[in-house]
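Here is an explanation of the structure shown below, written to be read alongside the coordinates.

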Amino acid sequence: MGGEVLRTNRFLRDAWPLLVLVTFLGSVGIVSLYSAAAGAETWSRLPIYMRQGIFFGIGMVLGALVTVIDYRRWLDYAWIIYGVCVVLLVAVLVIGKVTSGSQRWLNLGPIAIQPSELAKWALLLAIARHFQANQPVQGYYTLRDVMKPSAAVALVALLVVLEPDLGSTILVMLISVSMMIMAGLRIRSLLKVVGVGLLCLPMGWRMLADYQKKRIIIYLNPQQDPLGAGYHVTQSKIAVGSGGLLGKGYLQGTQSQLHFLPEHHTDFAFSVWAEEWGFVGCVLLLGAFLLLIFYCLSVASRATDPVARLIALGVVAFFFWPVFMNVAMTLGLLPVVGIALPFISYGGSSLVTSMMALGLLLNVHTRRFLF
């Protein structure tokens, strides 16, 4: 368990910057959700901001559990965890809960989980485990060296896109490819992977749902259907732009309070924040995410175990891509593909998995003196 490493004083010295950042981001998410969906109740009769608070507490507990158990033990079971996630993803397609045309959740008694979120965490471990067990002969990895993790990623991506969940599919691929590059994948091999991906685009296009195709077309031509497929991003840009320098004030955002902005508690939670807190609030929120990324990079740079460094870099990708894509999506700079903003958008699976990823980060950080 490596319990001797986790002495209280050392743990608090290492973890306090991360704990402050996570507490801030989690609080922003709850406060923003109170505004975005005040009065809205779920089937359990609890407002979503209260459910987000409960999931935040669950995430803290699971994140602590991930931290306490030595990351080398997690790596020992990485492929088993991956297999369990694949089974859950198959189960979603068979008996999953259908909401708004998507089949992404499994009902487990009083809660519903989204296995695609857990799959991102499991892939992070599995890819790290693969490179731990297969050291590069010539100082870099070739395409043949990454066939196994690539197949694992492709299987997860296929199951997720069938739900359909284009946003999670893209994140699964981006996080995984980022880890392969950071592990030492040769540039020539990377270009081959990109080439294969481009050749697969026509097949991927045919697998998309009609509304997903429309959103991509609207991204290329925003004026084609402003009241239909382009409505989301149009209202989002109005919300962000109307926030001005200091925002309209808490609970005063017209786009969210009057329900002009769709999905304002999930995909467009950032737009709600921008409208109410303005440019200054956006700088504060994005600054917190930037500090989180810097903290992850700092942990990676101080890790002496190569696989620990790769895990930390995987956590960087785990947070960088959804933050970048969600914010760009709300500003109309990328197509609307349904990607949650970590800690801010409503979603128990996303929040808990994010905390588990940070648990891995603290895990490798507190054990950096072992090597």
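Asp-70 and Arg-367 are both buried. In this predicted model, Asp-70 has a relative accessible area of 2%. A salt bridge joins Asp-70 to Arg-367, with 3.7 Å between the closest N and O atoms. Asp-70 sits in the loop between α2 (48–68) and α3 (71–76), while Arg-367 belongs to the segment after α15 (348–366), so the pair ties together parts that are 297 residues apart in sequence.

Asp-70 has another partner in Arg-72, and here the closest N and O atoms are 2.4 Å apart. Arg-72 has a relative accessibility of 27%, and therefore counts as partly exposed, whereas Asp-70 is buried because its value of 2% falls under the 20% limit. Side chains of opposite charge can pair when their charged atoms come close.

A salt bridge elsewhere in the chain is formed by the side chains of Lys-248 and Glu-275, at 3.0 Å from N to O. This pair also links distant parts of the chain, 27 residues apart: Lys-248 is in the loop between α11 (231–242) and α12 (254–257), and Glu-275 is in helix α13 (residues 269–302). Over the whole structure, a search finds six salt bridges.

Next comes an arginine in a strand. Arg-104 is part of strand β2 (residues 102–108), and with a relative accessible area of 15% it is buried. What does its side chain reach? The side chain of Arg-104 comes to 2.9 Å from the backbone oxygen of Pro-164. The side chain of Ser-102 makes a polar contact with that of Arg-104, at 3.3 Å. Beyond neighbours within four places in sequence, the contacts of Arg-104 include Val-92, Lys-97, Ile-113, Gln-114 and Pro-115. Also among them are Glu-163, Pro-164, Asp-165 and Tyr-211.

The last topic is the surface. Val-31, Tyr-34, Tyr-250, Leu-251 and Trp-277 make a nonpolar surface patch of about 390 Å². Of these residues, Tyr-34 is located in helix α1 (residues 8–36). Tyr-34 is partly exposed, with a relative accessible area of 34%, and so passes the requirement of over 30% for patch residues.

Conventions: Residues are numbered from 1 along each chain as its sequence is written. This is a predicted model: local features need pLDDT of at least 70, side-chain atom pairs count only at pLDDT 80 or more; totals for chains, interfaces and linings use all residues. Side-chain values use heavy atoms; hydrogens and water are left out. Patches are made of residues with over 30% relative accessible area and no salt bridge: like charges are joined within 9 Å, nonpolar side chains (Val, Leu, Ile, Met, Phe, Trp, Tyr) within 5 Å. Accessible areas come from the Shrake-Rupley method with a 1.4 Å probe; for residues, only the protein chains shown count as cover. A salt bridge is a side-chain nitrogen of Lys or Arg within 4 Å of a carboxyl oxygen of Asp or Glu. Helices (H or I, at least four residues) and strands (E, at least two) are DSSP runs, numbered from the N terminus. Buried means under 20% relative accessible area, exposed over 50%, partly exposed in between (1.4 Å probe, protein chains only). A polar contact is a pair of N or O atoms within 3.5 Å; within protein, one must be able to donate a hydrogen and the other to accept it, and residues adjacent in sequence count only if both atoms are side-chain atoms. Contact means heavy atoms within 4.5 Å.
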